[in-house]
Amino acid sequence: MSRQNYTFTSESVSEGHPDKVCDQISDAVLDAFLSEEPEARVAAETFATTNRVVIGGEVGLSDQNKLKDYMGKIDQIARDCIKGIGYEQDKFHWKTVEVTNLLHEQSAHIAQGVDAAEGKDEGAGDQGIMFGYATTETAQLMPAPIQYSHAILRRLADVRKDGTCPQLGPDAKSQLSVIYKDGKPVGVSSIVLSTQHLVKMTSAEVRELVEPYIRDVLPEGWVSADTKWHVNPTGEFMIGGPDGDAGLTGRKIIVDTYGGAAPHGGGAFSGKDPTKVDRSAAYAARYLAKNVVASGMAEKCTIQLSYAIGVAAPLSIYCDTFGTGQVNDAAIEKAIDTVMDLTPRGIRSKLGLNKPIYQRTAAYGHFGRDPEADGGFSWEATDLADALKNAV
């Protein structure tokens, strides 16, 4: 029997964290190419350090002559992204940062394995395993520690950008240790926040500034007299972002998903077009897990999918409802195979993934967000719940 009383911790990082700066630039590049051509192939990686951004990787368009024309836009895409985040510090400023573009044409050998051809459906962009997870412990069917860690940083970003708290800088990290009783989250044993500030402030002054917003985000009664606070525990934090610590695309995969509460296949998301199952199949697995839970068939659900490069259909489908299922896990696996086409093309078609919807995913989590009118976060919809239930 699983433990019912315990404390579990997850962390989040803000849009100004060096790695998240890189994730957002990579996804902004992806969005730009998908705007030009919905079937564009993109694998963009970004590195950032003091006064420097380097973008590399590969791009495939149906007309590769267009690629040369488009390369001139990459510099401005990166600058606009940095400006939107809010970096205007001496050694990392959107106007003066040096941007190096090393993107090049996609390998023909990769393309031949992935592209559809006569008698062959479009194959997966790589081998790998992908996981999706959902739980009833929050309204968003996400684990509470990661969901509220994200919420704290989003709230602080909002008050930074609207001018309410101009003292705050873009770079920040949060961490929550959530107390579970009888398997349900009931409180917070510790709150850790490190946030960049643009004027001289003590740790106590930073806490005084941010505490009301943190309390506002967390459920009523979760913060008690016993809750330990660690706000800027090392003291002054004025040099932030890539000037303080180098950043790289794809280094925050646990922040991007479930905060360690569920397995992760190991593949990062940002900068990858949706033929890459690292991204699209992870979104599909979350969609399926969320719909299993939303249907009432389980309180908790993990879905695993596996693929081989160049092969369209998944090699395996695995479901685990941790003993909370109202039906057999094997029956759910069968139902999944019935109600959704899990080939790369099937996933992209069902979830509408060939759209420029990715930059917004690259900070504050790819999951636990609301589906948007233009197709953003389509994998968060629960429109498959009835079909799954009926199939079972």
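Author: One term before that: two strands count as paired if DSSP finds at least two bridges between them. Bear in mind too that this is a predicted model.

Reader: Fine. How many bridges join β3 to β6?

Author: There are 8, and the two strands run parallel. R52 is opposite E98 in β6.

Reader: And what is the strand order in the sheet?

Author: The order is β6-β3-β2-β11, in an open sheet of 4 strands with mixed pairing. At the edges are β6 (98-105) and β11 (247-248), each pairing on one side only.

Reader: Which strands does α1 touch?

Author: Helix α1 (residues 18-36) packs on the sheet and touches β2, β3, β6 and β11. The direction of α1 makes about 150° with that of β2. Helix α3 (residues 74-85) lies across β3 and β6, at about 130° to β6.

Reader: What does F33 touch?

Author: Leaving out residues up to four places away in sequence, F33 touches A40, V42, V59, L61, L67, Y70, I74 and L103.

Reader: Last one: which residues of α10 are buried?

Author: P344, G346, I347, R348 and L351. Their cover includes α8 (277-294) and β12 (300-307). Just after α10, G352 has a positive phi of about 60°.

Definitions and conventions
Residues numbered from 1 in each chain as written. Predicted model: local features only at pLDDT ≥ 70, side-chain atom pairs only at ≥ 80, totals over all residues. Heavy atoms only, no water. Contact = heavy atoms within 4.5 Å. Axes fitted to C-alpha atoms, helices over the stretch in contact; angles between N-to-C directions. Buried < 20%, exposed > 50% of the residue type's maximum accessible area, 1.4 Å probe, protein only.
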